[in-house]
Amino acid sequence: MPNKFVDISIFLENDVISDPPIYRPKIHYIDHQTSAPDLLGFFPGLTQSELPEGEAWSIEKIELITHNGTHLDAPYHFASTMNKGERAITIDEVPLEWCFQPGVKLDFRHFPDGYVVSAQDVADELERIGHTLSPLEIVVINTSAGKAYGDDDYVSRGCGMGYEATMYLLERGVRLTGTDGWSWDAPFIYTQEKYAKTGDPKLIWEGHKAGRDIGYCHLEKLHNLEVLPSVGFTISCFPFKIRGASAGWTRAVAILPE
């Protein structure tokens, strides 16, 4: 039976605000003409006019952090330990079987920007879609940030997953999650406001920090989740293999039967 492939990744690009200013990617495009001197340097006596159409190659020089674009966070990103004291694994150590599993989509687009999803919210949504979680299923959350990609305020859009909501998933065997927002947690501008009022440090990055209790990975900056059904698809999200790193880029894809 043929499959339908849905690209659930964003672009790496210069002109869309997908990260705060200090972390934005920079792509320098070197076209076929600009690279000609490089090619000629390999072959003394060769002139550019002797090349077909006077062209050499096209390449790109990219300045990135491991969290640019659609990427998979390893437990090491969240803390130095996981599973209540074990050394947190890095992206090159993430079990590959975590990265190719049946997917479950939770639709949280109705929650306002900055809302912190609770365990009860997760339970209610699973009841609505009539699904019981199985170990290793990949759970992705569709937020209002998904449609905001490309807007200047993208990094401040969408709801986030709180500690209890994240633990609800992890305690049921989920080990890989994802969001179409900039972060698995609520945007920082909302957490800043709550911290200023309460002084409670437990509010900061609470969904991420659940990995200290149960190690897990999550995808950030997914896209097109609104076109997916709640269940009945598979997600492939193998990360780039970077030794000792906290994350790796991925071309995340949802696979559906036609």
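In soluble globular proteins, nonpolar side chains tend to be buried together. In the predicted model, the largest nonpolar core comprises 26 residues, and those with the most contacts inside it are Ile8, Val94, Leu176, Leu228 and Cys237. Two or more residues of this core are contributed by each of strand 9 (138-142), strand 12 (217-220), strand 13 (233-236) and strand 15 (253-257). Another core, of 25 residues, lies apart from the largest one and includes Val122, Val139, Leu169 and Val174.

When residues up to four places away in sequence are not counted, Ile8 touches Thr70, Leu222, His223, Leu225, Leu228, Ile235, Ala252, Val253 and Ala254. Among these partners, Leu228 is, like Ile8, one of the residues with the most contacts inside the largest core.

The largest pocket holds about 280 Å³ of space. Its lining is formed by 13 residues, and Ser9, Ile10, Phe11, Leu12 and Arg251 are the closest to the centre of this pocket. By class, 5 of the lining residues are nonpolar, 6 are polar and 2 are charged.

The second largest pocket contains about 230 Å³ of space. This pocket is likewise lined by 13 residues, and those nearest its centre are Tyr23, His67, His77, Trp182 and Glu220. The lining of the second largest pocket divides into 5 nonpolar, 5 polar and 3 charged residues.

Definitions and conventions. Residues are numbered from 1 along each chain as its sequence is written. This is a predicted model: local features need pLDDT of at least 70, side-chain atom pairs count only at pLDDT 80 or more; totals for chains, interfaces and linings use all residues. Side-chain values use heavy atoms; hydrogens and water are left out. A nonpolar core is a set of buried Ala, Val, Leu, Ile, Met, Phe, Trp, Tyr and Cys residues joined through side-chain atoms within 4.5 Å. Buried means under 20% relative accessible area, exposed over 50%, partly exposed in between (1.4 Å probe, protein chains only). Helices (H or I, at least four residues) and strands (E, at least two) are DSSP runs, numbered from the N terminus. Contact means heavy atoms within 4.5 Å. On a 1 Å grid over the protein atoms alone, a cavity is a set of points where a 1.4 Å probe fits but cannot get out, and a pocket is an open set with protein on both sides within 12 Å along at least five of seven lines; lining residues have an atom within 4 Å of a point. Grid points are joined across faces, edges and corners, and a volume is the space filled by probe spheres set on the points. Ala, Val, Leu, Ile, Met, Phe, Trp, Tyr, Cys and Pro count as nonpolar, Asp, Glu, Lys and Arg as charged, and the others, Gly among them, as polar.
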